[in-house]
Amino acid sequence: MTAAPLVRWAAVTASLASVALPVCVAAGPVGRHSDGERPVFFVRPLGHQSHGDAEGRYAPLSMLVAPTVGLLSNTTAAEGIPSSVAQGARYVEGSPVLRLLSGRWKYLPAGRTASAVVAPEDPTARLQIAESRAWLAAGRVPGSTPAQRATAERALLAMRGLLRPNGAMAAGWSPGWMYSWPRDSSFASAAFAHTGHDAEAHRILLYSAATQRKDGTWEARTKLDGSGPPDGRRRQLDANGWVPWATWQWYRTAPPVTRRARLAGLYPMIVKAADRAAASLGADGLPPASPDYWEVMTNTTNIGTAAPLLAGLNSAADLATELNRPADAARWSAAAGRLSAGISRRFAPLGYQRTVDGQHGRDSAVAFMAPPFNTAPADLPRALDSTYEALLLPNGGLTPGNDPTAPWGANAWTPSTSFFALAWACTGKAAKAGRVLDWVLSKRNPLGELPEKVDRAGRPSSVAPLAWTGSIVVLSLVALDGSTLPTPPPRQ
């Protein structure tokens, strides 16, 4: 069995009480490694159960590489900023150029893969600052307060820095995060689309099309060069919902003159994804058990897969209508109807808990049943409130879930917390959304970057910036600005 799961959230900065988890051991004869193989190890959250998905060797915590706290980039290359460099530093406003404590500037020159330290006001660095500011000005920076706008600006620049020229979207720029997840990429595409950065949004979708498997699914993650997965972890079916949803969000914002032709180019991807999603539904209308966004396999169907697939099928049906493909639209609408009915029968009575057997607790993925993913069922507001209360930690953020078989400890996760800001922003609960966002924004690190996690003491921890958190926050701010984020219409 290959060592695979839980790379990204098996954070390098977990507490010393955590245990090491092997995440990347090169394939080969059992028990043997070639001379060139160097197994990589990360830290598993205290108490996490891997359910037998991983085997391998373990390493002491002292061998682990500290995660980044910031990012230098030049649109073609990136370089992580370690905490030792970041002390006393700050970004030059509207740019990826870092002003060091000494006053000198550190940046990644165009066409280079290694940073340079230059005198302040260096002319070449100034050119990069001007280009970065022009890119921001060509779109929109959402937010109604200085803190919101500063956060959105930094998140957009981080997302741009993490986006590779081929469309691969790195989750972060630390070992273990330097891969492209279809889920994170889809959120980033939507965030780019709704802030006026059409080229970046479309480039991500082209990468998704290029890396789709012949059977219509996607790997859990791929190497940034698109050459394939870095390990043998299980594929996650939720990508078949996220990618059509992201394509639909992009299409709603794309320039009308060119969007139809570009959608036609993406449509084969939509066909394979939606047909695979529809074929996965059982007699009860629900998809099979699958790893969810926790990247952990469940024994029964989970809401973290069912809800995205519903969004994807409705998105695919609407896109088919746009391209005058009525047979496709009817097929996917019918599948969406069966899935919606199955969710109503099995998940709704449980308050949209993690799994249909009711044995795995509350799950922040309940927010996937809300706009801008799905039209909210009548009983969803109560489920959102009760889930938020159940997952709230003393530090003010949320744990992803309270599944007793996979405890998360005292760390709050900024993506899971931000899901609720987005859900409430898109359902007219601006005050609730604002309070959640205020907490997330208050946990930016000294460089203004959004971290993946917040520790027991309320300090930012793990990798920063994280593309997924940035995308969710940007989308939430767009919604709070009054620009209603569209939701794929149920057509059944």
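Predicted model: local features only at pLDDT ≥ 70, side-chain atom pairs only at ≥ 80, totals over all residues.
Strand S3, which spans residues 70–73, pairs with strand S4, residues 78–81, in the antiparallel sense, and four bridges join the two. Within this pairing, Leu72 has Glu79 of S4 as its bridge partner. The hairpin formed by S3 and S4 has four residues between the strands, and Thr75 in this hairpin adopts a positive phi near 80 degrees.

A four-stranded open sheet is arranged in the order S5-S6-S7-S8, and its pairing is antiparallel. Strand S7, residues 105–107, is joined to S8 by three bridges in the antiparallel sense. In this pair, Tyr107 is placed opposite Ala116 of S8. Helix H2, residues 123–138, packs on the sheet and touches both S7 and S8, and the direction of H2 makes about 60 degrees with that of S7. The loop between S8 and H2 contains Glu121. The phi angle of Glu121 is near 70 degrees, which is a positive value in a residue other than glycine.

A further open sheet consists of three strands in the order S9-S10-S11, again with antiparallel pairing. Strand S9 (412–413) and strand S11 (460–461) are the edge strands, each of them pairing on one side only. Between S9 and strand S10, residues 453–454, the antiparallel pairing runs over two bridges. Trp413 is found opposite Lys453 of S10.

Helix packing was examined for H12 and H13. Two packed helices are described by the angle between their axes and the distance between the axes. Helix H12, residues 430–442, packs with helix H13, residues 467–480, at an angle of about 145 degrees, and the two axes are 11 Å apart. The crossing of these helices is left-handed. On the H12 side, the contact is made by Ala430, Ala433, Leu437, Val440 and Leu441, while H13 contributes Val473, Ser476, Leu477 and Leu480. Classified by residue type, this contact comprises eight nonpolar residues and one polar residue, with no charged residues.

Pro465 belongs to the loop between S11 and H13. Pro372 is located in the loop between helix H9 (326–346) and helix H10 (380–391).

Rolling a probe the size of a water molecule over the atoms shows where empty space is left. The model contains five cavities of 30 Å³ or more. The second largest cavity holds about 70 Å³ of space. Its lining is made up of Ser180, Trp181, Pro182, Ser185, Tyr207, Ser208, Thr211, Trp218, Glu219 and Thr222. Helix H4 (182–194) and helix H5 (198–211) are the elements that give two or more residues to the lining of this second largest cavity. H5 provides the largest share of that lining, with three residues. By class, the lining of the second largest cavity includes four nonpolar residues, five polar residues and one charged residue.

How values were computed
Residues numbered from 1 in each chain as written. Heavy atoms only, no water. Axes fitted to C-alpha atoms, helices over the stretch in contact; angles between N-to-C directions. Left-handed = near helix turned anticlockwise from the far one by under 90°. Contact = heavy atoms within 4.5 Å. Nonpolar A, V, L, I, M, F, W, Y, C, P; charged D, E, K, R; others polar. 1 Å grid on protein atoms, 1.4 Å probe; cavity = no way out; pocket = protein on both sides within 12 Å on 5 of 7 lines; lining within 4 Å. Points joined across faces, edges and corners; volume = space filled by probe spheres on them. Pairing = 2+ DSSP bridges.
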